[in-house]
Amino acid sequence: MSLKTVNTALTTAFVLFIFWFGTDFVVTPETVAPTFGLPSWPSGAGGGFLIVKGIRDIGGGLVLGVLLLTGQRRALGWALLAEAFIPFGDMTNVLAHDGSSAAAFGVHGPTAVLMLITGLLTLRETRKAPSAPAPATGSAEVSPEAASS
């Protein structure tokens, strides 16, 4: 299996997961919020913040999906690296607010690490191969001894 195939499969899984999770936060925020890892979540008028989180996720998934579908592999690698900041931020937020360590280290942290690895592998896949040195041209001087042989 080629590196490109692995990277495409991982990125596709990220896009689908991000869409699913983001859509859950937009459609049924009260049922998915407890799984995020925070000890409490906004309700009532503050529940709109949960939808903001869902929209953020959907937007991030759209960026990755568009880059994947348009074949912009190098930009995709950089976007994966940049978007790894989101689950890392979620992890630190959960930990900073006395949330679930299991969610922080079992969901958000591994997601950030896997996104970083996938981004680096995608950048490696798109790296230009070093070019071979150019062959010598006929302009080199030939010694008289070599010319007479």
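# Group meeting talk: a protein of helices

Let's start with the fold. This protein has seven helices and zero strands. Read from the N terminus, the order is α-α-α-α-α-α-α. One caution before we go on: this is a predicted model.

Now some overall numbers. The chain has 149 residues, and 32% of them count as buried. Next, contacts. Take the contacts between residues at least 6 apart in sequence. Of these, 69% join residues at least 24 apart.

Helix α1 covers residues 3-27, which makes 25 residues. How far apart should its ends be? At 1.5 Å a residue, the span should be 36 Å. In the model, the end C-alpha atoms are 36 Å apart, so the two values agree.

Which residues of α1 are buried? They are Asn-7, Thr-11, Phe-14, Val-15, Ile-18, Phe-21, Gly-22 and Phe-25. Keep a general point in mind as you look at that list. An α-helix has 3.6 residues a turn, so residues three or four places apart point the same way. And what do the buried residues of α1 pack against? Four helices: α2 (29-32), α3 (48-69), α4 (73-83) and α6 (101-126).

Let's go inside. The largest nonpolar core has 11 residues.

Leaving aside residues up to four places away in sequence, what does Leu-64 touch? Its contacts are Val-15, Ile-18, Leu-76, Ala-79, Leu-80, Glu-83 and Met-115. There is also a second, separate core, with nine residues. It includes Phe-25, Ala-33, Leu-50 and Ala-104.

Now find Thr-118, in helix α6. Is Thr-118 buried or exposed? It is buried, because its relative accessible area is 0%. Not counting residues up to four places away in sequence, Thr-118 touches Asn-7, Leu-10, Thr-11, Phe-14 and Leu-80.

Val-26, Val-27, Ile-51 and Ile-55 make a nonpolar patch of about 320 Å². Helices α1 and α3 each give two or more residues to the patch. Ile-51 is found in α3. With a relative accessible area of 31%, Ile-51 is partly exposed.

Last topic: charges. Side chains of opposite charge can pair when their charged atoms come close. How many salt bridges does a search of the whole structure find? Four.

Start with Arg-56, which is partly exposed at 33% relative accessible area. Arg-56 meets Asp-57 in a salt bridge, at 3.3 Å from N to O. Asp-57 is buried, with a relative accessible area of 9%. Arg-56 also meets Asp-90, at 3.1 Å from N to O. Where do these two sit? Asp-90 lies in helix α5 (residues 85-96) and Arg-56 in helix α3. They are 34 residues apart in sequence, so the pair ties together separate parts of the chain. Asp-90 is buried too, with a relative accessible area of 10%.

Next, Arg-73 and Glu-125. Their closest N and O atoms are 2.9 Å apart, and they form a salt bridge. This pair links distant parts of the chain, with Arg-73 in helix α4 and Glu-125 in helix α6, 52 residues apart. Is Arg-73 buried or exposed? Arg-73 is buried, because its relative accessible area is 10% and the cut-off for buried is under 20%. Glu-125 comes out at 22%, so it counts as partly exposed.

One more thing on charges. Salt bridges that share partners join Lys-53, Arg-56, Asp-57 and Asp-90 into one network.

Notes
Residues numbered from 1 in each chain as written. Predicted model: local features only at pLDDT ≥ 70, side-chain atom pairs only at ≥ 80, totals over all residues. Heavy atoms only, no water. Buried < 20%, exposed > 50% of the residue type's maximum accessible area, 1.4 Å probe, protein only. Contact = heavy atoms within 4.5 Å. Expected span 1.5 Å × (residues − 1). Core = buried A, V, L, I, M, F, W, Y, C linked by side-chain atoms within 4.5 Å. Patch = residues over 30% accessible without salt bridge, like charges linked within 9 Å, V, L, I, M, F, W, Y side chains within 5 Å. Areas by Shrake-Rupley, 256 points an atom, 1.4 Å probe, with all protein chains shown as cover. Salt bridge = Lys/Arg side-chain N within 4 Å of Asp/Glu carboxyl O.
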